[in-house]
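Hi there,

Here is the structure I promised to pass on. Have a look at it first, and my notes follow below.

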Amino acid sequence: SVAYKGSSSIVTDVEQKKNNFSFSFTDTLKLPLKDSIETAGYALTQKSLPAEPVFLSLWEPLTVVAALGITVYLFFTTRSSN
């Protein structure tokens with residue numbers, strides 16, 4: 001997210017005008033494109049990556065453990081049925 005805020009003033013002999021402005025922009029890109037989009041000379045283009053959500057980081061290990069548990073359970077229950 002990039003945000004600019006500020007004000008500008010125009011002063012003449014007759015009057016003074018002050019204008020406030022703000023601009024913000026947010027964009028999403030795919031991770032492999034990060035290095036090609038960032039430019040070392042411009043700090044504006046460089047940001048740290050957000051942390052991975054906890055649920056997504058636990059999803060793969062939980063899936064593996066569940067699959068192994070089901071496999072072991074089925075192995076022993078079908079073996080003892082005969």
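**What I found**

Among contacts (heavy atoms within 4.5 Å) in the chain between residues at least 6 apart in sequence, 12% join residues at least 24 apart.

Before the rest, some ground rules. This is a predicted model, in which local features need pLDDT of at least 70 and side-chain atom pairs count only at pLDDT 80 or more, while totals for chains, interfaces and linings use all residues. Residues are numbered from 1 along each chain as its sequence is written, and side-chain values use heavy atoms, with hydrogens and water left out.

On confidence: pLDDT is the predictor's confidence in each residue, from 0 to 100. The chain averages 81, and 94% of the residues score at least 70. Two helices and two strands are present, in the order β-β-α-α from the N terminus. These are DSSP runs numbered from the N terminus, with helices being H or I of at least four residues and strands E of at least two.

As for overall shape, the C-alpha trace spans about 100 × 25 × 15 Å along its principal axes. The radius of gyration of the chain is 28 Å, whereas a compact globule of 82 residues would have one near 12 Å; the value is taken over C-alpha atoms, and the globule rule is 2.2 Å times the number of residues to the power 0.38. Buried residues make up 1% of the 82, where buried means under 20% relative accessible area, exposed over 50% and partly exposed in between (1.4 Å probe, protein chains only).

Glu15 sits in the loop between β1 and β2 (16-25) and is partly exposed, at 44% relative accessible area. From Glu15 to Gly41 there are 26 residues in sequence and 41 Å in space, C-alpha to C-alpha. Thr39 belongs to the loop between α1 (34-37) and α2 and is also partly exposed, at 34%. Apart from neighbours within four places in sequence, Thr39 is in contact with Thr45 and Gln46.

Finally, how many aromatic pairs are there? Rings of Phe, Tyr and Trp (its six-membered ring) pair if their centres lie within 6.5 Å; planes under 30 degrees apart count as stacked, over 60 as edge-to-face and the rest as tilted. By this rule the count is one aromatic pair. Phe75 and Phe76 form that pair, edge-to-face, with 5.2 Å centre to centre and 80 degrees between the planes. Phe75 is partly exposed, with a relative accessible area of 46%, and Phe76 is partly exposed at 48%.

Best wishes
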